Amino acid sequence: MSEKFREGIPAWTREHAAGLRRDDSNVAPVIYPPDERLDDDLHIWDTWFLRNRDGSVAEIDGYRVIFSLTSSSDLLPGKRHDVATIRYFYSRDGEEWTTGVVVFDGGALGQRQWAGSAMYDPDGDGDDVYLYYTAAGEDGAEELTYTQRIAVATGGTVRTDDAGFSIEGSWNHRIILTPDGDWYEREDQSRGMIYTFRDPWFFEDPASGETYLLFEANTPVPEGTGECDDPVWEEFNGSVGIAHSPTGDPTDFELRPPLLDAVCVNQELERPHLVVRDGTYHLFVSSHVHTFAPGLTGYDALYGFVADDLAGDYEPLNGHGMVLTNPKGAPFQAYSWLVYDHGDDLLVSSFFNYFDYDRPSLDDVGLLPPEEQQRRFGGTLAPTVRVALDGDETDLVDTLGHGHLPLPREELPTPWWERDGDATRGGDY
């Protein structure tokens, strides 16, 4: 991308990221396996709510609904991304979840489907659910490919009866966004370790009523531009993209300049999403230790940024950006965090990743015997984390049970420090 395209785009800088540190405000407790997994037959990872058009969690005849990427639990965990499909789960209380079916029974675009978002907006003609997803891989290709496009499926109808909840119907699939090569890197322009154009997240701006999609992308940085002090850093070029619907049609979007870029800092700003509170915009992403540029020490963690409006000058929360991370002794125990508002605090869901595993890289998982790879992979919903938000600072308050996802109207458990009468958190930093 030339300088004219990057001009005015807020940046997560090396100076910001140099301040990253674990402390008692952001380190989650060690996670232990639950007594029961959500579904023993499935690996479950990236998860998102069915939400109303205004962003609130949809509640349909007493049911809340989540979607997750899933695969058979017989598969080695590292292979799950190659065959990922989207499945839904539903619950009346946010603690006990019932497994639904794979959403798309044929017809989905791509060789497999990666994460997205879901919007409930019944129009009376059977189009109750808009499911945005990443179409990963070239349709019909014999070999596994990594092309990524943003797709939407319409035509799903919600039904509830004495037997429970279901999403049925004949889905219509279409590609709605591809990278332009100017604001957003195309696959053939990529020089980094990972190429990204994925993770669509529907958003209706409460200030304007305008309709948008956020997504993960990369900023084009042609070789030799001198964008970074070290040419190697230029390969670390993650960004948070955005597209606008000029008519409000939730299937028709046009690319706009990124909300944030991390050129010279980080290659992946995964699953971007927003929480708006009192007119302030809080932008959240997930990222990995290995996607930080050389010379920076990052973590598998949830990162956040704050601005006064949607297209504002985003600054990192806590001065450096990190909101929630894993303890030193279990650095990969959770990933793919999703934040939603719950009155006074934020709730953060994620999936239970690799536990009883403290090697410095997930690359070493493949060195373990297959049975150990399976044993050490959680493959289910992680404990929900409660985080306090005060201006541009956050603080870890408490953890709930595995997969406990309360609605804003539902009371939260008493925080641990009130239950235990212990004013010292402690932690493995």
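Predicted model: local features only at pLDDT ≥ 70, side-chain atom pairs only at ≥ 80, totals over all residues.
Four strands, in the order β10-β11-β12-β13, make up an open sheet with antiparallel pairing. At its edges lie β10 (198-204) and β13 (254-261), each of which pairs on one side only. From one strand to the next, the twist averages 30 degrees.

Five bridges connect β10 with strand β11 (residues 211-218), and this pairing is antiparallel. Within it, phenylalanine 203 has tyrosine 212 of β11 as its bridge partner. In general, strands of a sheet pair through backbone hydrogen bonds, in either a parallel or an antiparallel manner.

Strand β16 (residues 301-307) is mostly covered, with seven of its seven residues buried. Ala301, Tyr303, Phe305 and Ala307 point one way from the strand, while Leu302, Gly304 and Val306 point the other way; all are buried.

Strand β15 (residues 280-287) is joined to β16 by seven bridges, and the two run antiparallel. In this pairing, histidine 282 is opposite valine 306 of β16. Strand β18 (residues 322-325) pairs with β16 over three bridges, also in the antiparallel sense, and here tyrosine 303 is opposite methionine 322 of β18. Strand β17 (residues 315-316) and β16 form an antiparallel pair over two bridges. Valine 306 is opposite glutamate 315 in β17, and histidine 282 is opposite valine 306 as well.

## The loop between β13 and β14

Glutamine 267 belongs to the loop between β13 and β14 (270-277). Its relative accessible area is 0%, so glutamine 267 is buried. A polar atom of the glutamine 267 side chain lies 2.3 Å from the backbone oxygen of isoleucine 194. Leaving aside neighbours within four places in sequence, the contacts of glutamine 267 include Gly192, Met193 and Ile194, together with Glu235, Phe236, Asn237 and Gly238. Asn218 and Thr291 are also among the residues in contact with glutamine 267.

Cysteine 264 is found in the loop between β13 and β14. Cysteine 264 counts as buried because its relative accessible area is 9%, and the cut-off for that class is under 20%. Although cysteine 264 is not a glycine, its phi is positive, at about 80 degrees. Most residues other than glycine have a negative phi.

Serine 336 lies in strand β19. Serine 336 has a positive phi of about 60 degrees, although it is not a glycine. With a relative accessibility of 5%, serine 336 is buried.

Phenylalanine 351 is placed in strand β20 (residues 345-354). Its relative accessibility is 2%, and therefore phenylalanine 351 counts as buried. Not counting residues up to four places away in sequence, phenylalanine 351 touches Gln333, Ala334, Tyr335 and Ser336, among others. Its contacts also include Ile44, Trp45, Asp46 and Arg80, as well as Phe377, Thr380, Leu381 and Ala382. Tryptophan 337 is 14 residues from phenylalanine 351 along the chain, and the C-alpha atoms of the two are separated by 7.6 Å.

## The largest pocket

The largest pocket has a volume of about 1,100 Å³. It is lined by 39 residues, of which Gly78, His81, Ile194, His288 and His290 are the closest to its centre. The elements that give two or more residues to this lining are β1 (42-52), β5, β10, β14, β19 (334-342) and β20. The largest share, three residues, comes from β20.

Isoleucine 194, one of the residues closest to the centre of the largest pocket, is also the residue whose backbone oxygen lies 2.3 Å from a polar side-chain atom of glutamine 267.

## The cavity

One cavity of 30 Å³ or more is found in a search of the whole structure. The largest cavity has a volume of about 40 Å³. Its lining consists of Ala115, Gly116, Asp199, Pro200, Trp201, Arg271, Pro272, His273 and Leu338. At least two lining residues of the largest cavity are supplied by each of β5 (112-120), β10 and β14. Strands β5, β10 and β14 are also among the elements that give two or more residues to the lining of the largest pocket.

Methods:
Residues numbered from 1 in each chain as written. Heavy atoms only, no water. Pairing = 2+ DSSP bridges. Axes fitted to C-alpha atoms, helices over the stretch in contact; angles between N-to-C directions. Buried < 20%, exposed > 50% of the residue type's maximum accessible area, 1.4 Å probe, protein only. Polar contact = N/O pair within 3.5 Å; in protein donor to acceptor, adjacent residues only side chain to side chain. Contact = heavy atoms within 4.5 Å. 1 Å grid on protein atoms, 1.4 Å probe; cavity = no way out; pocket = protein on both sides within 12 Å on 5 of 7 lines; lining within 4 Å. Points joined across faces, edges and corners; volume = space filled by probe spheres on them.
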